[in-house]
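Here is a short report on one protein model. Keep the sequence and the 3D view side by side as you read.

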Amino acid sequence: MSKAGERQQVPRPRGARQQSVETQAQWQAWSRHHRAMCSDSLRRLVKQPVGSLLTMLAIAIALVLPSALWLTLDSARLVSAELDASATLTAYLESRVDEGEAGRIQQALEAQPDIAATRLITASEGMEEFQQALGLEDALARLDTNPLPATVVITPTDPLPEKMRALAERLGEMSGVEEVRLDLAWVERLRQLTEVGRRVTFALAVLFGLGVLLVVGNTIRLAVENRRKEIEVVTLIGATHAFVRRPFLYSGAWYGMGGGLIALLLLTLGSDWLATPVAALAESYGAHYTLPNLGLVGSTTLLSCSTILGWLGAWIAVSRHLAGIKPR
């Protein structure tokens, strides 16, 4: 009985070993076919340079506009961040407040957790700045009393408009503070424009992404029709749809990657072409501005998206047409 059990246990390791060898052989065959189809699809594209380049150029043009708008929005986001950092409130103190009491009010404001920094402008300092700004030193010097109150410029820790409004209302109730002014209209307009631009960019990205799918899909559809006899033969001898679909998927991925590379080149050339006049325009307004670039992360994202769109367009086109191809 024990000998029979030993005889039954002998084939098991052989079966497991055989299954492992078969799995390894299948994996090697699968990877070998992927490498062959990848190089073969690239070779076919190189044999038709004009048609391949035109397809990639059409994909690149479809990618350039949303990418350029995304760069513009990223630049606007940086400008908005700088404006948020410079967002301040101005607290006008009552005319009866002298410099000593104004200093105590400033210290009380700095002690609050939602205030990052304060700057006290006394009445005399305010008059000097007013005279220098208007160029009326002689006329204003004849005044018997200084009509300007002391002010405290407040920088909040959180520049969100809602929190700044709540802070202004709370500070306006403090003793010695006559009025707190807050001008956020221009900041809100900039944010609204940025939001509109973000939605427009998203809509254009979706539309042009569909355009890339159509371009790649139409190109792959023609390639499928040109190789229809070959597909019928390999299907007749038992090839699966995944096997037939594989070279066309690699072709679509190559189209997408080539279009992404051309789009990167066009964006770089356009940025270099516009850099000098944009810098000159910014300097005329006393500002320093440089056009943003995609960088490593943005370039990788653009190439990944273009490659995925090319692969997806090819997959849709091949799957749709393989259903209608039957061996005869």
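The report below covers the model, a strand and its partners, salt bridges, a surface patch and the cores.

## The model

This is a predicted model, in which local features need pLDDT of at least 70 and side-chain atom pairs count only at pLDDT 80 or more, while totals for chains, interfaces and linings use all residues. Residues are numbered from 1 along each chain as its sequence is written, and side-chain values use heavy atoms, with hydrogens and water left out.

Start with strand β1, residues 89–93. Strands here are DSSP runs of E with at least two residues, and helices are runs of H or I with at least four, numbered from the N terminus. In a regular strand the side chains alternate between the two faces of the sheet. Leu 89, Ala 91 and Leu 93 make up the covered face of β1. Thr 90 and Tyr 92 make up the uncovered one.

Two strands pair if DSSP finds at least two bridges between them. β1 pairs with strand β3 (residues 151–156) in the antiparallel sense, over four bridges. Here Ala 91 stands opposite Val 152. β1 also pairs with strand β4 (residues 177–181), antiparallel and over four bridges. There Leu 93 faces Val 177.

Is Thr 151 buried or exposed? Thr 151, in strand β3, is buried, with a relative accessible area of 9%. Buried means under 20%, exposed means over 50%, and partly exposed is in between (1.4 Å probe, protein chains only). Leaving aside neighbours within four places in sequence, Thr 151 is in contact with residues including Thr 90, Ala 91 and Tyr 92. Contact means heavy atoms within 4.5 Å.

## Salt bridges

Side chains of opposite charge can pair when their charged atoms come close. A salt bridge is a side-chain nitrogen of Lys or Arg within 4 Å of a carboxyl oxygen of Asp or Glu. The count comes to six.

One of them joins Asp 40 and Arg 43, at 3.4 Å from N to O. Both lie in helix α2 (residues 11–47), three residues apart, about one turn of the helix. Asp 40 is buried at 16%, whereas Arg 43 is partly exposed at 44%. Asp 40, Arg 43 and Arg 44 are linked in a network of salt bridges. Elsewhere, Glu 179 bridges to Arg 181, with the closest N and O atoms 3.0 Å apart. Arg 228 and Glu 225 also meet in a salt bridge, at 3.6 Å.

## A nonpolar surface patch

Which residues form a nonpolar patch on the surface? They are Val 50, Leu 54, Leu 57, Ile 61 and Leu 266, with about 450 Å² of accessible area together. Such a patch joins nonpolar side chains (Val, Leu, Ile, Met, Phe, Trp, Tyr) within 5 Å, from residues with over 30% relative accessible area and no salt bridge. Areas come from the Shrake-Rupley method with a 1.4 Å probe. Helix α3 (residues 49–85) gives the most, with four residues. Val 50 lies in α3 and is exposed at 59%.

## Two nonpolar cores

A nonpolar core is a set of buried Ala, Val, Leu, Ile, Met, Phe, Trp, Tyr and Cys residues joined through side-chain atoms within 4.5 Å. The largest has 30 residues, and Leu 63, Val 212, Ile 220 and Leu 302 touch the most other members. Helices α3, α8 (185–226), α10 (241–284) and α11 (295–322) each give two or more residues to this core. The largest share, eight residues, comes from α10. Apart from this core lies another, of 17 residues, among them Leu 89, Val 97, Ile 105 and Val 180.

Notes
Patches are made of residues with over 30% relative accessible area and no salt bridge: like charges are joined within 9 Å, nonpolar side chains (Val, Leu, Ile, Met, Phe, Trp, Tyr) within 5 Å.
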